[in-house]
Amino acid sequence: MANYQKMYAILCGAVDDVIEPLERIPLAHNAVQTLRQALLEAEDVYISQPDAVQSVFPESDGQR
C-alpha cells in the first residue's frame, strides 16, 4: 500500500521550502499564492481524515 502520509509530508515540505524564496520575485506572486492555497487545502483534507491526528500525534487521544 502506498504511504500517502509520507508522500504528503515530502511534497508539502518541498513546496513550503520554495515559497519564501519565490516571494522575493515579483513576477512569482501568483505562483506563490497558488502554492499557499494548495498547501492550505491539502492540510484541510489531511486533517479532516479520521485517523490524521492519531498518525501525526500517536500519543494523543485525538483531541487537541
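Of the chain's 64 residues, 14% count as buried (under 20% relative accessible area with a 1.4 Å probe, protein chains only; over 50% is exposed, and in between is partly exposed). This is a predicted model, where local features need pLDDT of at least 70, side-chain atom pairs count only at pLDDT 80 or more, and totals for chains, interfaces and linings use all residues. Residues are numbered from 1 along each chain as its sequence is written, and side-chain values use heavy atoms, with hydrogens and water left out.

**View 1. The chain runs α-α-α along its sequence.** There are three helices here and zero strands. Both kinds of element are DSSP runs numbered from the N terminus: H or I over at least four residues for helices, E over at least two for strands.

**View 2. α1 and α2 side by side.** The two axes come within 10 Å and cross at roughly 155°. Axes here are lines fitted to C-alpha atoms, for helices over the stretch in contact, with angles from 0 to 180 degrees between N-to-C directions. α1 passes α2 in a left-handed crossing, so the near helix is turned anticlockwise from the far one by less than a right angle.

**View 3. Who touches whom between α1 and α2.** Contact means heavy atoms within 4.5 Å. On the α1 side, the residues involved include Gln5, Tyr8, Asp16 and Glu23; on the α2 side, Leu35, Arg36, Glu43 and Tyr46 are among them. By class, the contact has 10 nonpolar, one polar and four charged residues. Nonpolar covers Ala, Val, Leu, Ile, Met, Phe, Trp, Tyr, Cys and Pro; charged is Asp, Glu, Lys and Arg; the others, Gly among them, are polar.

**View 4. The largest nonpolar core.** Five residues make it up: Cys12, Val15, Ile19, Val32 and Leu39. Such a core is a set of buried Ala, Val, Leu, Ile, Met, Phe, Trp, Tyr and Cys residues joined through side-chain atoms within 4.5 Å. Neighbours within four places in sequence aside, Leu39 is in contact with Cys12, Val15, Asp16 and Ile19.

**View 5. Zooming in on Cys12.** This cysteine sits in helix α1 and is buried, with a relative accessible area of 16%. Skipping neighbours within four places in sequence, Cys12 is in contact with Leu39 and Ala42. The C-alpha atoms of Cys12 and Leu40 are separated by 9.8 Å, though the two are 28 residues apart along the chain.
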